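Have the model open as you read.

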2 protein chains.
Amino acid sequence: MFEITHQEKNSLARTGILHTEHGDIETPIFMPVGTQATVKTLDNEDLKKINTQIILGNTYHLHLRPGENLIAEFGGLHKFMGWDGPILTDSGGFQVFSLGLQKEAKGQGGLTKIDDDGVTFQSHIDGSTHRFTPEEAIKIQHKIGADIIMAFDECTPDDADEKYTRQALDRTHDWAERCIVEHKKNNCYHGYKQFLFGIIQGAGHKKLREESAKFISDLDFDGIAIGGESVGYNMEATKKILDWVNPIIPKDKPHYTMGVGHSPLDLFEVVERGVDMFDCVSPTRVARNGRLFVHPKIDKKMHINILNTEHRADKNPIDPTCTCFTCQNHSRSYLQHLFKSQEMLAYRLATIHNLHFLLNLMQGMRTAVKEDRFLELKKSWM
Amino acid sequence: MFEITHQEKNSLARTGILHTEHGDIETPIFMPVGTQATVKTLDNEDLKKINTQIILGNTYHLHLRPGENLIAEFGGLHKFMGWDGPILTDSGGFQVFSLGLQKEAKGQGGLTKIDDDGVTFQSHIDGSTHRFTPEEAIKIQHKIGADIIMAFDECTPDDADEKYTRQALDRTHDWAERCIVEHKKNNCYHGYKQFLFGIIQGAGHKKLREESAKFISDLDFDGIAIGGESVGYNMEATKKILDWVNPIIPKDKPHYTMGVGHSPLDLFEVVERGVDMFDCVSPTRVARNGRLFVHPKIDKKMHINILNTEHRADKNPIDPTCTCFTCQNHSRSYLQHLFKSQEMLAYRLATIHNLHFLLNLMQGMRTAVKEDRFLELKKSWM
């Protein structure tokens with residue numbers, strides 16, 4: 001499914017093509033997150049116009065609402081939501097743990113119970129009890145029908161001690177094998193091939209990360225993901241983990257860091273380390289709070305807060321070098337007015353800009369990699 | 001500015017063209033409401049795609065936020081919001097009275113004070129005190145720069161007694177004359193002609209409505225509006241008032257009923273009575289609550305509630321005969337999922353549908369009027 005088209009000379013950065021039934025994906029690529037069968041505020045034409053190549057769906061959310069059986073009745077998520085391009089679904093593992101722990105922290109129950117066979121958890125919508133096992137997570141993802149699906153794993157906290165991380169990692173590895181077995185039974189549920197990626201865990205422990213990289217790499221996965229609570233949220237830890245596992249994971253499979261993309265700069269760091277795919281909910285979430293990306297020449301912080309007084313009467317677009325719909329049609333002043341008035345249009349125009357900005361940056365990175373000047377491009381942004 | 005292109009044989013219905021600096025408007029026409037410099041949830045391309053010919057802005061809201069001076073800095077509302085088609089602004093009178101009374105009813109102050117010179121009121125945003133006089137309302141509307149602007153009037157409650165209505169009407173008539181004087185001083189503020197419409201008031205009193213129709217008709221207004229608390233909200237009262245004033249108001253000026261469009265059927269009633277323009281916030285507001293218009297052949301009620309259980313797994317569009325973006329791309333089931341998940345996309349897709357539905361119906365009415373079969377079309381919808 002994966003073809004490397006160019007290996008950069010000066011770094012691990014590479015370009016490639018991921019072939020899926022719903023189209024080819026040029027890598028390295030940022031994947032916008034569409035948690036509940038929609039990338040928040042955008043329609044499918046918006047996604048095409050900003051050159052979205054693949055979107056993410058969340059198994060946890062889609063299982064709870066509208067449910068995988070309804071989606072399957074439609075012939076899968078593509079048809080249900082009307083998006084005919086590639087889709088990736090996570091396994092639900094991250095949400096089961098993170099939303100469960102959030103509820104516990106708030107004293108709202110959230111009785112997430114892990115055992116060696118799977119996880120029992122409560123819905124964040126209505127408190128109802130659900131259970132995911134590796135087999136169940138794969139069955140649900142078959143019904144949802146994404147082009148790329150993920151193994152069910154235990155996402156361990158950063159500060160987990162070695163003893164607990166070892167225990168969780170053994171479970172994750174056992175579950176990885178069970179996911180492969182389940183996947184092989186039915187990997188063309190809707191008549192087209194779905195690809196299964198494994199996930200490397202091991203928190204902040206070098207030995208365990210290396211062991212996990214070896215274990216996951218040796219299994220029959222179509223791609224290799226690097227997961228964990230800190231991946232993406234703590235870029236120093238992320239870089240360290242990537243440097244540990246890179247010598248081990250096979251170069252010919254796509255590499256995916258889960259949760260990377262809080263800042264445009266983060267994308268440079270992972271691409272430099274040979275990562276082909278990444279996703280993050282942050283660019284769309286901060287857009288809805290008025291934090292809008294700009295080129296470092298416009299603002300060194302690489303973003304503006306549209307609600308700042310200085311933009312009140314500013315007739316310029318967010319970023320004069322940007323070709324997105326928002327920057328081509330609207331001023332900072334108008335956007336500030338929409339945000340202050342809490343008009344829904346504000347959130348969509350901001351989302352269009354932030355995603356276009358990142359996807360356009362990825363296009364620039366791919367060109368730079370092909371021309372062996374990726375590090376130069378990176379330097380010009382730092 | 002107004003050209004009648006056809007007078008129907010069997011009713012007062014007629015077709016016409018309103019010529020403005022920002023384009024021609026084919027009448028009769030429904031005008032979507034864009035209170036705060038945006039038709040809620042939609043962008044300007046959305047508006048063009050559903051064949052919007054003219055949109056409404058609210059002087060009261062735009063005065064409070066972002067303020068007419070900022071809009072004027074941009075060269076008017078068209079440039080500020082990026083909409084290059086025709087715009088109409090109301091005078092703020094309706095909001096000053098209705099929002100003030102709402103605040104008073106809630107015991108939140110809302111000290112709306114009317115005197116013969118104007119109205120002092122408090123902002124619904126921050127409680128600050130503002131004052132509109134006829135002159136001020138016109139000056140603000142000049143700065144906002146809509147193609148059609150409205151005289152400042154006192155919108156009297158339906159149940160106002162004859163004594164109070166007489167007093168308010170005298171004020172409205174005096175203000176109408178003052179608006180004309182002020183308008184003539186500067187009716188090309190941004191370099192293009194703005195047209196001024198007068199408003200007939202008189203609540204539910206036949207004598208006063210007739211008197212008002214005569215008074216407003218005799219002034220040098222470009223168009224004649226019929227206002228009042230009940231107009232649009234109470235269709236029996238609206239029809240009665242139209243029947244009273246129709247023999248009096250000049251046929252060669254455009255007729256505008258303010259606030260009509262709660263139901264598709266209401267549009268038939270006013271078009272039959274020779275009305276050329278109408279606006280209503282309801283079609284977009286109910287869209288955001290999941291109430292979606294359908295042809296009477298689909299549902300006799302002429303709408304569905306997308307949240308009803310029967311639509312849970314329905315693969316059909318809202319209305320299979322509809323050609324809007326929403327109906328061409330999405331099922332009722334997917335829309336229900338978006339509404340249940342409170343995804344913003346739901347509100348935009350629903351708004352696109354409801355407005356497209358009404359604007360498409362208006363196109364059908366115009367064709368029917370031209371072919372002298374308006375009453376037949378009306379019958380087929382009743």
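A:Phe197 stands opposite A:Gly223, which belongs to strand E12 of chain A. The two strands involved here are E11 (residues 195-200) and E12 (residues 223-226) of chain A; they run parallel and are joined by four bridges. Strands here are DSSP runs of E with at least two residues, helices are runs of H or I with at least four, and both are numbered from the N terminus. Two strands count as paired if DSSP finds at least two bridges between them.

A quick word on what you're looking at: this is a predicted model, where local features need pLDDT of at least 70, side-chain atom pairs count only at pLDDT 80 or more, and totals for chains, interfaces and linings use all residues. Residues are numbered from 1 along each chain as its sequence is written, while chains are lettered from A and ligands numbered from 1 in the order in which they are written.

Now zoom out to the sheet. In chain A, eight strands form an open sheet with parallel pairing, in the order E4-E14-E13-E12-E11-E10-E6-E5. At its edges sit E4 and E5 (55-57) of chain A, each pairing on one side only.

Finally, the domains. Chain A splits into domain 1 (2-279) and domain 2 (287-381), with bounds from an automatic or database domain assignment. Where they meet, 29 residues of domain 1 of chain A are in contact with 23 of domain 2 of chain A (C-beta atoms, placed from the backbone, within 7 Å). On the domain 1 side, H10 of chain A gives the most, with six residues.

Conventions. Contact = placed C-beta atoms within 7 Å.
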